[in-house]
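The following exercises concern a predicted model. Each sets a task and then works through the solution step by step.

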Amino acid sequence: MSTVVAEGKTWGGGNKPLNASYGKMMMWFFIVSDALTFSGFLAAYGFSRFKFIDAWPIADEVFTHVPFLHGQELPMIYVAFMTFILIMSSVTMVLAVDAGHHMNKAKVTIYMFLTIIGGLIFVGSQAWEWATFIKGDYGAIQTKGGNILQFVNTDGERVALNDFVVAEHKERTAHKRKNGLWFVSEGTLPTYTVEEVIHGLESHENVLVRTQLLDEHGHKTVLSREESLKQVKTNGKAVVEGANLRVNEYGSPLFADFFFFITGFHGFHVFSGVVINIIIFFNVILGTYERRKSYEMVEKVGLYWHFVDLVWVFVFTFFYLV
């Protein structure tokens, strides 16, 4: 009866295909397949943006919020902070892997902990960004053709609906399946009606309408006073506040769809990575890898963490910067 001698686990993989252990090979297979998935999403986003390039929302006008600094326009500052945190968490993961090479349990513990903290900050920041995007700031009017009409003052600065519209005191219950037609259901009713917006626009001569179409200078087209009133009166269909999978106060609903899907899919990857890192972190504390005399598991989860970091660089570039 022959006896098979098991090779010891080493960082280089020993006498194995591509000098990689089975676990690392499987992680690389997953990363390649997941990279193709993200590539498809970003390619679809790029195609859609190119197709609707004249009406695509401007990222600098959408992502201007920073926690605890309400009312200030700080384009891309918080997104840049999120990106920095994620990149630094990738650095701490590299340091954890290097410490594992040297069988230094204390340093692996510290750097894994810092990586987890960075991941939690990123996921929490993304959740806050989602909530802010969904809530919206200014409100807009959706036309019968599905376009978005925003409001600005004579200086071109955005004006919120609550700055010039007064809500009339009247009650209307949102349609639900339990109190209306079984196949009809409404979301949260907007604060104002189209008629109330028209009345507010008529009584504030310094308020103009800005369409979602870009002019030759790359700025959104601002209508004259007469054209503004005409557009809202003849084409105004519904009041839009914030963004969801149906409407988007910032412009094309397709922009919001891609935002939720791509950043949500990436956020799920980061959250999964945080959970896995926490499991590995406790294994490090318990001395599991000390007894195995190998921290290869830290390296494998590190490959995944670097992957989600790299993907965010592409998402950040395509979605926020380009």
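**Exercise 1.** Determine the helix and strand content of residues 108–128 and the distance between the end C-alpha atoms.

*Solution.* The chain over residues 108–128 is 100% helix and 0% strand. The end C-alpha atoms of this span are 30 Å apart. In the unreviewed UniProt entry, the annotation "transmembrane region" covers residues 108–128, and also 26–47, 76–96, 258–289 and 301–321. For residues 76–96, the secondary structure is 95% helix and 0% strand, and the end C-alpha atoms lie 30 Å apart.

**Exercise 2.** Compare the reach of helix α4 with its expected span, and state what follows the helix.

*Solution.* Helix α4 comprises residues 105–135, that is, 31 residues. The expected span is 1.5 Å times one less than the number of residues. From first to last C-alpha, helix α4 reaches 45 Å, close to the 45 Å expected. Just after α4, Gly136 adopts a positive phi of about 80°.

**Exercise 3.** Which parts of the chain does the salt bridge between Lys24 and Glu299 tie together, and are the two residues buried or exposed?

*Solution.* The structure holds four salt bridges. In one of them, the side chains of Lys24 and Glu299 meet at 3.4 Å, N to O. Lys24 belongs to helix α1 (residues 22–51) and Glu299 to helix α9 (residues 296–321), so the pair ties together parts 275 residues apart in sequence. Both Lys24 and Glu299 are buried.

**Exercise 4.** Classify the accessibility of Glu61 and Arg210, and locate their salt bridge.

*Solution.* The Glu61 and Arg210 side chains form a salt bridge at 3.3 Å, N to O. Because Glu61 lies in helix α2 (residues 59–62) and Arg210 in strand β3 (residues 207–214), the pair ties together parts that are 149 residues apart in sequence. The cut-off for burial is under 20% relative accessible area. Glu61, at 31% relative accessibility, therefore counts as partly exposed, whereas Arg210, at 6%, counts as buried.

Definitions and conventions: Residues are numbered from 1 along each chain as its sequence is written. This is a predicted model: local features need pLDDT of at least 70, side-chain atom pairs count only at pLDDT 80 or more; totals for chains, interfaces and linings use all residues. Side-chain values use heavy atoms; hydrogens and water are left out. Helices (H or I, at least four residues) and strands (E, at least two) are DSSP runs, numbered from the N terminus. Buried means under 20% relative accessible area, exposed over 50%, partly exposed in between (1.4 Å probe, protein chains only). UniProt positions are given in the numbering used here, feature names are shortened, and annotations may be inferred rather than shown by experiment.
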